[in-house]
Amino acid sequence: MNKAMFERLLWSIAFPGFGQLLNCQYVKGILFIFLELFVNIQSNFNTAIISSFVGNIHHSIEVIDFQWLMFYPCLYFFSMWDAVKNAYEERENSTLLFLPFVFCAYFVTIGLMFSTKIKIFGLLLGPIFLPMLFVIPGVFTGLLVKKILTLFIKREC
């Protein structure tokens, strides 16, 4: 990953749309920013984040609108992938770059769905921390599938 890709990735992690603004894709960047704010407000995401970080997991579960928050992982990881992809396009083998992002979106969504049920070491992590933990298997699964497909494609050639 080159410096430009890493920079876009970090800005997209900070706020969806910022990576697109760095890529001079202003309409797309503003659209992602608007969508992030819209989903964030509709789902009461910031209130849930604050409650979770101060240790009030049950309050975060009560205030969050799960039906709106289900949009967030796909929006978030798509924004990251799009920003990195546009900084990566000139390099070869960029066709499978999307896999870690797709698997992260999938695993985080699964983590969100089970966030009111799963306890780790008897501790309920809730709709903020459990989905965050699910990023780890998402990245590893995506990288593993990318590696396997890359090997398979090289054998075909």
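Among contacts in the chain between residues at least 6 apart in sequence, what percentage join residues at least 24 apart? The share is 61%, where contact means heavy atoms within 4.5 Å. This is a predicted model, in which local features need pLDDT of at least 70 and side-chain atom pairs count only at pLDDT 80 or more, while totals for chains, interfaces and linings use all residues. Residues are numbered from 1 along each chain as its sequence is written, and side-chain values use heavy atoms, with hydrogens and water left out.

The pLDDT, the predictor's confidence in each residue from 0 to 100, averages 92 over the chain, and 96% of the residues score at least 70. Confidence is lowest in helix H1 (residues 3-14), with a mean of 91, and highest in H3, at 97.

The chain has ten helices and two strands, taken as DSSP runs (helices H or I, at least four residues; strands E, at least two) and numbered from the N terminus. Of the 157 residues in the chain, 39% are buried, that is, under 20% relative accessible area with a 1.4 Å probe, protein chains only.

Helix H3 (residues 26-43) packs with helix H7 (residues 72-88) at an angle of about 160°, their axes lying 10 Å apart; axes are lines fitted to C-alpha atoms, for helices over the stretch in contact, and angles run from 0 to 180 degrees between N-to-C directions. H3 is therefore roughly antiparallel to H7, a term for angles over 145 degrees. On the H3 side, Lys-28, Phe-32, Leu-35, Glu-36 and Val-39 meet Tyr-72, Leu-75, Phe-78, Ser-79, Asp-82 and Asn-86 in H7.

Conventions
Parallel < 35°, antiparallel > 145°, perpendicular 65-115°, else oblique. Buried < 20%, exposed > 50% of the residue type's maximum accessible area, 1.4 Å probe, protein only.
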